[in-house]
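Have the sequence and the model open while you read.

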Amino acid sequence: MPEQAALETLRAALAADGYTIDAREDGERVLVEIGATPEACADCLAPRPVMQAILGKMFAVPAEQVELRYPEGAEP
């Protein structure tokens with residue numbers, strides 16, 4: 001798992017825009033699900049490749065090993 005402080009920083013940033021994050025390792029892959037609250041800012045999520053790069057660095061894996069799920073309809 002990434003440094004807990006880095007994950008909590010990302011969690012707080014997403015929460016400010018109305019999003020949640022759940023992340024777990026699954027073998028060599030990292031599964032990340034971002035959820036939306038009713039107050040979610042529709043234009044605030046980073047594009048998928050940007051978020052995958054951020055998460056890859058946090059988890060110290062290539063971005064391609066990050067399976068990222070965005071809320072339905074939230075894909076920027």
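## Contacts along the chain

Among contacts in the protein chain between residues at least 6 apart in sequence, what percentage join residues at least 24 apart? It's 50%, with a contact meaning heavy atoms within 4.5 Å.

Keep in mind that this is a predicted model, where local features need pLDDT of at least 70, side-chain atom pairs count only at pLDDT 80 or more, and totals for chains, interfaces and linings use all residues. Residues are numbered from 1 along each chain as its sequence is written, and side-chain values use heavy atoms, with hydrogens and water left out.

## Layout and overall shape

Starting at the N terminus, the protein chain reads α-β-β-α-β, which gives 2 helices and 3 strands. Both come from DSSP runs, numbered from the N terminus: helices are H or I with at least four residues, strands are E with at least two.

The radius of gyration is 12 Å, close to the 11 Å from the globule rule for 76 residues, so the chain is as compact as a globular protein of that length. That radius is taken over C-alpha atoms, and the rule is 2.2 Å times the number of residues to the power 0.38. Along the principal axes, the C-alpha atoms fill a box of roughly 35 × 25 × 20 Å.

Of the 76 residues, 33% count as buried (under 20% relative accessible area; exposed is over 50%, partly exposed in between; 1.4 Å probe, protein chains only).

P38 sits in the loop between β2 (29-36) and α2 (48-59). P38 counts as exposed because its relative accessibility is 81%. Its C-alpha atom is 9.1 Å from that of Y19, 19 residues away along the chain.
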